[in-house]
Amino acid sequence: MQERDDRGGAARLSAAEIGAALGERATLLQFSSAFCQPCRATRRTLAEVAGMVEGVAHVEIDAEDHLALVRDLEVQRTPTVLVLDAEGAIVRRAAGQPRKADVIAALGAAVRD
């Protein structure tokens with residue numbers, strides 16, 4: 001499932017694996033569950049940040065519908081957010097409801113100009 005680059009770098013996720021196109025510059029990948037209250041707030045925060053930064057996509061995945069991916073990525077709680085760079089490499093990971101400032105800072109590690 002996950003790829004490792006030839007240099008032993010970060011795991012990569014493809015658009016096919018997440019079920020949506022990757023952002024041109026970065027992707028905020030959110031794992032949620034149906035009755036998760038913090039997931040709703042996280043959805044709003046990530047959508048707002050993605051709307052502020054050109055080329056950044058927000059993709060939300062229902063953890064229960066993607067159990068193999070959840071296992072592969074060792075997602076243990078929702079919400080879990082992965083920040084992917086333009087090639088789908090995981091550059092940051094956080095569990096729990098993130099603060100907007102933290103999401104923006106994490107994007108700095110993924111977005112290369």
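Predicted model: local features only at pLDDT ≥ 70, side-chain atom pairs only at ≥ 80, totals over all residues.

Residues are numbered from 1 along each chain as its sequence is written, and side-chain values use heavy atoms, with hydrogens and water left out.

**The sheet.** Helices (H or I, at least four residues) and strands (E, at least two) are DSSP runs numbered from the N terminus, and two strands pair if DSSP finds at least two bridges between them. An open sheet with mixed pairing is formed by 4 strands in the order E4-E3-E5-E6. Strand E4 (56-62) and strand E6 (90-95) each have a single partner strand and stand at the edges, so one side of each is left without a neighbour in the sheet. On average, neighbouring strands of this sheet are turned by 15° against each other, direction ignored. Strand E3 (residues 26-32) and E5 run antiparallel and are joined by 6 bridges; Thr27, for instance, has Leu84 in E5 as its bridge partner.

**The helices.** Axes are lines fitted to C-alpha atoms, for helices over the stretch in contact (heavy atoms within 4.5 Å), and angles run from 0 to 180 degrees between N-to-C directions. Helix H2 (residues 37-52) lies across E3, E4 and E5 and runs at about 170° to E3, whereas helix H4 (residues 100-110) lies across E3, E4, E5 and E6 and runs at about 35° to E5.

Residues are called buried under 20% relative accessible area, exposed over 50% and partly exposed in between (1.4 Å probe, protein chains only). In H2, the buried residues are Cys39, Ala41, Thr42, Thr45, Leu46, Val49 and Ala50. Seen down the axis of H2, these buried residues fall within an arc of 165° (taken from the directions from the helix axis to the C-beta atoms), so they line one face of the helix. Their cover includes E3, E4, E5 and H4, while Gln37, Arg44 and Gly51 are exposed on the other side of H2.

The loop between helix H3 (67-72) and E5 holds Pro79, and the peptide bond from Thr78 to Pro79 is cis, with omega near -5°. Glu74 lies in the loop between H3 and E5 as well, and its phi is near 55°, a positive value in a residue other than glycine. Most residues other than glycine have a negative phi, and most peptide bonds are trans. Gln76 also has its place in this loop, and its C-alpha atom is separated by 8.3 Å from that of Ala95, 19 residues apart along the chain.

Thr80 is found in strand E5 (residues 80-85). A polar atom of the Thr80 side chain lies 2.6 Å from the backbone oxygen of Arg77. Leaving aside neighbours within four places in sequence, Thr80 is in contact with residues including Leu29, Phe31, Val75 and Ala94.

| Residue | State | Relative accessible area |
|---|---|---|
| Glu74 | exposed | 58% |
| Gln76 | exposed | 76% |
| Thr80 | buried | 2% |

Definitions and conventions: Polar contact = N/O pair within 3.5 Å; in protein donor to acceptor, adjacent residues only side chain to side chain.
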